[in-house]
Amino acid sequence: MSTTITEEAPTKKKLSPRKRAQRIRWAQYALLAIVLVVFALTANWEQIQSAFFRTDMIKLTLTEGLPNALKNTIIYTAGAFVIGLILGTILALMRLSSVAPYRWIASTWIEFFRGLPAIVVFIAFSLLPLAFEGLLIPFDPYGTVWVALGLVASAYMAETIRAGIQAVPKGQIEAARSLGMPSGAATRKIVLPQAFRIITPPLTNEVILLVKDSSLVYVLGLSASGYELTKYGRDLSSSNVNLTPLVVAGFCYLIITLPLSYLVRRMEARQKKER
Amino acid sequence: MTASSTRTGAAIVEVTDLHKSFGSNHVLQGLNATIKQGEVVCVIGPSGSGKSTFLRCINLLEEPTSGSIKVGGDEVTDPDCDIDAIRRNMGMVFQQFNLFPHLSVLGNCTMAQMTVLKRSKAEAEAKARENLEKVGLSEKADAYPAQLSGGQQQRVAIARALSMDPKLMLFDEPTSALDPELVGDVLSVMRRLANDGMTMFVVTHEMAFAREVADRVIFMDGGVIVEEGDPEQVIGDPQEERTKTFLQRVLDPTHVDAGAEDAAYAKRHVGEVAADNFVKPADTHGHYSGG
């Protein structure tokens, strides 16, 4: 066995793993460069500009009602986040409760709202007045959106918060209880503050998802003043038969989400350093 | 627990026939012990002997399977008993310190005072600073636990427990997680505490400390109390075979016990039959006094 290896080695010169990895990397760069060059040469740039980036359309989108739509998106998201966070914390504590019915209720709730597409929940919500006549949710139109979006958010957040609570070492609650703190006080003052510190990065991710989910609330049937970014951009796009307004609205989402993801990265880096 | 029930020398903790099982694992097999006011009791024994579980049963961090634990006359295992009230009077120091990382040193020492004893912030902080002074860390009041060494964290944990004005302090291997050079600081704090008359129940591996500070030493093995008495007697002149073997290993770890080594070797290489020639469980069982 050993003799065959020594004989073969000089005849078939094998690349070292590092050299081979280097070559594969160069091949990938070359391929990427070729794709870019081909695209740049074949694309009709004028046509692309007139479809997606018409300057007069950009101006129209910015002046018509974009600030209002941006404001609505932020308000919808923020309100839904607050509702989701409160409900999610309650649900997470219920899931970890020693009382079995609490666990059942919380599990059912979470599986239900996490399993359904958000848009289905919103459509169902828009039909709610059919089932409950005279149902009135305050702060119209914000209240309805907050509750609908908040319900969906609560299911996701409950799972994140539960993971955070479980990540707090058991010794913490033991220390708190051994000082005579009742279970509720120990949870509120010792466990939850630490849990929320642990889950701030994933929770911020959930805010980003929520920002994007807010684009679905148009099915709740909002008036023009209640339009958020997507609905506003789409309406303007279809009335002008041009995609530019929607593209501009899309970029507005990045104004919200990019700083948030930057924040998450910063927090994760800091947490890594603390460990 | 009322003040009148804890006169000097009176029993603070009375444990009767304590059993604890984790599933099929019978960890505590009938313990009887008493801790008197002002007494320092050290529990020693090999790992897995149940000594930490014993200690954790006293403030009900572990629920006993059966038996009775009376603290200041109140039955801890009784469902009607207010365990929070009992824990208020009983400080606990953990092996892993378990400081609250989101609170400053001062916050660690004031949190329970304010939420449980309803002391004002100023009152709680004065008490905390007094106890931080006692453990030699008054200048660290505003630091966070992550900024402290293990020894400092453990001393803060002691100050945190003392800030509740406990009548009894439980120590669960307080120096086992520390670097060797940091052990001394923690032990000297505990020694001072003992000299001040604090009632202490200490699970420890520090034989020199137990010998010097303890009024009484309990040796546990296999979930029973094997030997109990004056430290000079239990550590200096143990009567039971298991105590002797344990102390020999702990006090002189480099000492090679030819017989035990042979037995271990035989068990590894020759099998049960040969090992039986060295270890006779039926014989040694007769010496046990605990239960």
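Modeller: A place to begin is B:V13, whose bridge partner in β4(B) is B:V71. This is a predicted model, in which local features need pLDDT of at least 70 and side-chain atom pairs count only at pLDDT 80 or more, while totals for chains, interfaces and linings use all residues. Residues are numbered from 1 along each chain as its sequence is written, chains are lettered from A and ligands numbered from 1 in the order in which they are written, and side-chain values use heavy atoms, leaving out hydrogens and water.

Colleague: OK, and how many bridges join β1(B) to β4(B)?

Modeller: Five bridges join β1(B) to β4 (residues 66-71), and the two strands run antiparallel. Strands here are DSSP runs of E with at least two residues, helices are runs of H or I with at least four, and both are numbered from the N terminus; two strands pair if DSSP finds at least two bridges between them.

Colleague: What does β1(B) form with β2(B)?

Modeller: They form a hairpin with two residues between them, and B:G23 in that turn has a positive phi of about 60°. Nine antiparallel bridges join β1 (residues 11-22) to β2 (residues 25-36) of chain B, with B:K20 and B:L28 as one of the partnered pairs.

Colleague: What is the strand order in the open sheet of six strands?

Modeller: In chain B the order is β6-β7-β8-β3-β9-β10, with mixed pairing. The edges are β6 (90-93) and β10 (224-229), each of which pairs on one side only. β6(B) runs parallel to β7 (residues 168-172) over four bridges, and within that pairing B:M92 is partnered with B:L170.

Colleague: Changing topic, how many residues does each chain put into the contact?

Modeller: Chain B gives 23 residues and chain A gives 17, where contact means heavy atoms within 4.5 Å. About 1700 Å² is buried between the two chains, with carbon and sulfur atoms giving 61% of that area; buried area is the accessible area (1.4 Å probe) that two parts lose on being put together, summed over both. On the chain B side, B:D84, B:F100 and B:H102 lose the most area to chain A, together 31% of what that side buries.

Colleague: Which side chain meets B:D84 in a salt bridge?

Modeller: That is A:R177, at 3.2 Å from N to O. A salt bridge is a side-chain nitrogen of Lys or Arg within 4 Å of a carboxyl oxygen of Asp or Glu, and the rule finds two of them across this interface. On the chain B side, α2 (83-88), β6, α3 (105-115) and α5 (150-162) each supply at least two of the residues that touch chain A, and α2(B) has the largest share, with four.

Colleague: And how many salt bridges are there over all chains?

Modeller: The structure holds 21, including one between A:R114 and A:E159 at 3.8 Å, N to O. A:R114 lies in α6 (residues 100-115) and A:E159 in α9 (residues 142-167) of chain A, so the pair ties together parts that are 45 residues apart in sequence.
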